[in-house]
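Please read it beside the sequence and the model.

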Amino acid sequence: SRSLCTVVCKWTYTSDGGWDDSFWQMIGLEDLVKDKYEKIGNHVLSPGESVGKGLMPEAAEDLGLPAGIAVAASLIDAHAGGLGVIGGDVKGHNLPCENQPITSRLAMICGTSSCHMGVSETPIFVPGVWGPYFSAMVPGLWLNEGGQSATGKLIDHVVRGHVAFPELQSKAAASAHSIYTYLNSHLDLIKRSLPVGFLTVDLHVWPDFHGNRSPLTDLTLKGMVVGLTLSRGLDELALIYLATIQAIALGTRHILETMEAAGHHINTLFLCGGLSKNPLFVQMHADITGKPVVLSKEVESVLVGAAILGACASGDFASIQVCS
């Protein structure tokens, strides 16, 4: 059994037309078409559908679970995070997405790289943004998936590669804080009366150190830093850290504006993933996009999405929408 999410998003499958014979023939993989696609799977299930007869006895023993317990057709990791966060209950918080359909929300899964998940009732083709994919994340809705090739990885690369990193490491350890909590506190110390975002008025980062996925779709792009001085201290490390986060947030804004120009109507961001635990990262996204940001009480939204699938496969909930 194959998940509709995987084969639609990565393998050119469509829920109404199935596999496309001409595509595989065009790229020289016509042998996959034989025997009704037996080699790559011809039994496709929607995410959350129960697979087979549940967990096999051998796997159940290894995992310490009952044999036959329901196993759900899966979602890709980022898509599970999107499902886990995009349906969050926001009643009573005076947010623009309250009492609006989830098409007004953008789910951001922010980790080593980042994905931007937006859904729509009709297919929207967005230049430089993947999709639209039908029922690939939320059943019955079309998915567009933007992305940034390096986000958490980029921040880590910039911070750890700076000459002042050993000093940061020792001071963070002495204060019993993570290096990023310490950097955020250090920025508060040096900002004085200005909002923290203004500290980088003369320092700018182009964040495509690993190419651009959305919306420019140019894998040849490289990173750039403008405004460097001869200073080598902790202040300068904190500033380039801030400028890098701002550059990532500006990349999100670029994706968002491209999606909106194509027909999406998004008014609220829903963030999850490791970077969403960094208050500075969250604040810069709110400031730079001009949209409110929602964080889930359950920070591991990818696991929430997986749990929703399991709850549907077990029969405890009739559908993903009801469970969410």
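The text below takes up the helix pair and then the cores.

The model is predicted, so that local features need pLDDT of at least 70 and side-chain atom pairs count only at pLDDT 80 or more, while totals for chains, interfaces and linings use all residues. Residues are numbered from 1 along each chain as its sequence is written, and side-chain values use heavy atoms, without hydrogens and water.

Helices (H or I, at least four residues) and strands (E, at least two) are DSSP runs, numbered from the N terminus. Helices H6 (residues 152-160) and H9 (residues 234-262) pack at about 165°, their axes 10 Å apart, where axes are lines fitted to C-alpha atoms over the stretch in contact and angles run from 0 to 180 degrees between N-to-C directions. H6 and H9 are therefore roughly antiparallel, a term for angles over 145 degrees. Contact here means heavy atoms within 4.5 Å.

| Helix | Residues in the contact |
|---|---|
| H6 | Leu154, Ile155, Val158, Val159 |
| H9 | Leu237, Ile240, Tyr241, Thr244, Ile245, Ile248 |

The largest nonpolar core, with 48 residues, has Val159, Leu168 and Leu187 as the residues with the most contacts inside it; such a core is a set of buried Ala, Val, Leu, Ile, Met, Phe, Trp, Tyr and Cys residues joined through side-chain atoms within 4.5 Å, buried meaning under 20% relative accessible area with a 1.4 Å probe, protein chains only. H9 gives the largest share of this core, 15 residues. Not counting residues up to four places away in sequence, Leu168 touches Val159, Ile179, Tyr182, Leu183, Leu234 and Leu237.

How values were computed. Parallel < 35°, antiparallel > 145°, perpendicular 65-115°, else oblique. Buried < 20%, exposed > 50% of the residue type's maximum accessible area, 1.4 Å probe, protein only.
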